[in-house]
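What can be said about the fold of this protein, and about the charged side chains that pair up within it? The report below takes up these two topics in turn.

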Amino acid sequence: FRPVYIMTFAFQNEFTKIKLKSHWYGSLIKGDRVANLTKLKNFSFFHNHLSVLPDALSQCESLEYLLLDYNRSLVSLPSGIGQLKHLKDVTANYCKLQTLPRSLQDCHDIRMLQFSHNELSTLDVDFSQLVKLVNVQLDYNQLRNVPASLFNLPLLNKLNLSDNQLTSLPDSVGIMPELFD
């Protein structure tokens, strides 16, 4: 066990930012304690060994940034993530995510999704509701196909699907006016 670095900022005696780095193992703190963090905006737990995130994280109604890179034991995100109506950025690169919760499509303020270097094989998310998305990183996964709704987003300007097992792309790929290299 290595020392844990925690940086917090308090606002009216409630945390707005939690940052935990370096070798935190297993599951996170008790769910009932997470649910009480109603002012939490930034949840950064990277370079750890988290295997489970509490479902109660979905009750952090002010959460905007969920940053989980390099949690190599993490296989899923909380199923209730769609309750996070202010969520703007979800980053979980270098984890072991096998699927994304369908409720992610209910996070209408999402601007960035980064799930590079995971084990995603399917995407059961209707991206058409995520009209504020500008950046989607899904490279180095095991995707065979991607939903057409991903290619119909008006603001999307960065999409990385490289190093997957794609067999075809929807016809709508050619009509993405904002997409550039």
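The following sections go from the whole chain to individual residues.

## Model and confidence

The structure is a predicted model, and its mean pLDDT is 84, with 80% of the residues reaching 70 or more. Over residues 1-13 the pLDDT falls below 50, although this stretch still has 27 contacts in the model beyond its near neighbours in sequence.

## Overall architecture

The protein contains 1 helix and 10 strands, and along the sequence these elements follow the pattern β-β-β-α-β-β-β-β-β-β-β. Of its 181 residues, 45% count as buried, while the protein exposes about 9,300 Å², of which carbon and sulfur atoms supply 49%. Among the contacts with a separation of 6 or more, 32% are accounted for by residues 24 or more positions apart.

## Cysteines

The count of disulfides comes to 0. Cys-60 is buried, its relative accessibility being 0%, and Cys-107 is likewise counted as buried at 0%.

## Salt bridges around Glu-64

The structure holds 3 salt bridges. In one of them, the side chain of Glu-64 meets that of Lys-41, with an N to O distance of 3.6 Å. Because Glu-64 lies in the loop between strand 5 (49-52) and strand 6, and Lys-41 in the loop between helix 1 (31-35) and strand 4 (42-46), the pair ties together parts that are 23 residues apart in sequence. Lys-41 is partly exposed, with a relative accessible area of 38%, whereas Glu-64 counts as buried at 15% relative accessibility.

Glu-64 also meets the side chain of Lys-88 in a salt bridge, here at 3.7 Å from N to O. This pair links distant parts of the chain, since Glu-64 is in the loop between strand 5 and strand 6 and Lys-88 is in the loop between strand 6 and strand 7, 24 residues apart. Lys-88 is partly exposed, with a relative accessible area of 25%.

## The pair of Lys-132 and Asp-109

The side chains of Lys-132 and Asp-109 meet in a salt bridge with an N to O distance of 2.8 Å. The pair links distant parts of the chain, with Lys-132 in the loop between strand 8 and strand 9 (135-137) and Asp-109 in the loop between strand 7 and strand 8, 23 residues apart. Lys-132 is partly exposed, with a relative accessible area of 31%, whereas Asp-109 is buried, because its relative accessible area of 19% falls under the 20% cut-off. Salt bridges that share partners join Lys-41, Glu-64 and Lys-88 into one network.

## Surroundings of Asp-109 and His-86

The loop that holds Asp-109 runs between strand 7 (89-91) and strand 8 (112-114). Leaving aside neighbours within four places in sequence, Asp-109 is in contact with Lys-85, His-86, Leu-87, Lys-88 and Lys-132.

His-86 is located in the loop between strand 6 (65-67) and strand 7 and is partly exposed, with a relative accessible area of 41%. Although His-86 and Asp-109 are 23 residues apart in sequence, their C-alpha atoms are 5.9 Å apart in space. Not counting residues up to four places away in sequence, His-86 touches Glu-61, Ser-62, Leu-63, Glu-64 and Asp-109.

Definitions and conventions: Residues are numbered from 1 along each chain as its sequence is written. Side-chain values use heavy atoms; hydrogens and water are left out. pLDDT is the predictor's confidence in each residue, from 0 to 100. Contact means heavy atoms within 4.5 Å. Helices (H or I, at least four residues) and strands (E, at least two) are DSSP runs, numbered from the N terminus. Buried means under 20% relative accessible area, exposed over 50%, partly exposed in between (1.4 Å probe, protein chains only). Accessible areas come from the Shrake-Rupley method with a 1.4 Å probe; for residues, only the protein chains shown count as cover. A disulfide is a pair of cysteine sulfur atoms within 2.5 Å. A salt bridge is a side-chain nitrogen of Lys or Arg within 4 Å of a carboxyl oxygen of Asp or Glu.
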